[in-house]
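Subject: Handover of a structure, with notes

Dear colleague,

I am passing on the structure below, and I would be grateful if you could look through it with the notes that follow beside you.

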Amino acid sequence: MSNIPERAGTLILSVGGSPEPLRHSIASRPWARVVFVVSDATGGGASSRGQVEDAEIVYDPKQGTRGPGLRHLPECPRDVGIVAVPPDDLDRALALVDGCLAREVGQGQAVTVNYTGGTKTMTAALVLAGAAYDGVRLEFVSGQRSDLVQVRAGSEHITEMPRHLLGAANLFALARAQAGRRAYGAALGIVDEIGRLFGAVPSGGAEPPASWRQRQQAWRDWLAVLEGWDRFAFAEAARTLAHGLARKASWAQALENQGFGPRLRVLAEEVKTGPGPALCEDLWLNAHRRAALGLYDDAIARLYRLAEAAVQARLNRLHRIADTGAVPRGMVPE
């Protein structure tokens, strides 16, 4: 548990059927304003609005403990808002929560989003909306459980979501999208940014899971192969792939099984022996890929390079003229 500074601001709090952790959230700081995100009665379901507005509610069904509704708690400020969202419609819930956040942030308020209560859809909406704003604190109430219903009273404590991990999750998704477009250089830059993010974990902050560090390294390696290939650094890309195969890395084995390894090694060999058919084929396929991405100038440039490479390959393979930049006159055939 981190030390939570006391500061006035707005608390945006999702409300479900267990009010005790929510009372703990409200009492954790002297809030200037509290906005309750409640479920509406969409589809005939029960609304959690009563947990906020009723004069008296049940806090512990087992013990029969009752107390004031959340807005009537002594710790709750007078300035209260309510946002009713559908319990299982993420698009609509996200739109409503994001609108609420935009208003609070736009008024210059320090905003904390607590996603302890409510349905899974409400939780997802609060986290997605809160993560889109710099400076918005994301937190939830955790504690000891004796069952799957609620946290044991008295064991609650506030836990902050590590925003750097959430940022890394977003960057992984962005890198995947760029790789899907075959924009390997852009994807590699994003994965490198994830590495910097992991290296800048604040003192006492939550460390990224070991599996995330392993994923970042694996993505960096396979993207380095494809990005190096993309900029004609065939030997460099082949070495990276070879290192991966030596470590029995799954990404390297996948590239090998798909036939990329043999093609890359032939291209790397042509770097030493001079242009050949492999380079010509690769330039042709690359031009098509660049055009598919809308990078037409790059596609045209690769086609120009293909025209040059085709002549170079012919001179190299048929006439043993590898260096076409300095051909002795006596070597030029009829």
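**An aromatic cluster**

Phe172, Trp212 and Trp219 are joined by ring pairs into a cluster, where rings of Phe, Tyr and Trp (its six-membered ring) pair if their centres lie within 6.5 Å, and planes under 30 degrees apart count as stacked, over 60 as edge-to-face and the rest as tilted. Please bear in mind that this is a predicted model, in which local features need pLDDT of at least 70 and side-chain atom pairs count only at pLDDT 80 or more, while totals for chains, interfaces and linings use all residues. Residues are numbered from 1 along each chain as its sequence is written, and side-chain values use heavy atoms, with hydrogens and water left out.

A search of the whole structure gives 5 aromatic pairs. In one of them, the ring centres of phenylalanine 172 and tryptophan 212 are 6.2 Å apart with the planes at 85°, so this pair is edge-to-face. Because phenylalanine 172 belongs to helix H5 and tryptophan 212 to helix H7, the pair ties together parts that are 40 residues apart in sequence; helices (H or I, at least four residues) and strands (E, at least two) are DSSP runs, numbered from the N terminus. Phenylalanine 172 counts as buried at 2% relative accessibility, and tryptophan 212 is buried with a relative accessible area of 19%, where buried means under 20% relative accessible area, exposed over 50% and partly exposed in between (1.4 Å probe, protein chains only). The rings of phenylalanine 172 and tryptophan 219 have centres 5.2 Å apart and planes at 80°, so that pair is edge-to-face, and it ties together parts that are 47 residues apart in sequence, since phenylalanine 172 lies in helix H5 and tryptophan 219 in helix H7.

**Charges over rings**

Arginine 215 lies over the face of phenylalanine 172, at 4.6 Å from the ring centre, the criterion being that NZ of Lys or CZ of Arg is within 6 Å of the ring centre and within 35 degrees of the ring normal. Elsewhere, the charged end of arginine 23 sits over the ring of tyrosine 59, 4.2 Å from its centre.

**A hairpin**

Strand S3 (residues 56–60) pairs with strand S4 (residues 65–68) in the antiparallel sense over 4 bridges, where two strands pair if DSSP finds at least two bridges between them. Glutamate 56 stands opposite proline 68 in S4. The two strands, S3 and S4, form a hairpin with 4 residues between them, and glycine 64 in the turn has a positive phi of about 75°.

**Two loop residues**

Most residues other than glycine have a negative phi. Arginine 182, however, has a positive phi of about 65° although it is not a glycine; it lies in the loop between helix H5 (163–180) and helix H6 (184–199), and at 45% relative accessibility arginine 182 counts as partly exposed. Phenylalanine 232, in the loop between helix H7 (210–230) and helix H8 (234–246), has a positive phi of about 70° although it is not a glycine, and phenylalanine 232 is partly exposed, with a relative accessible area of 34%.
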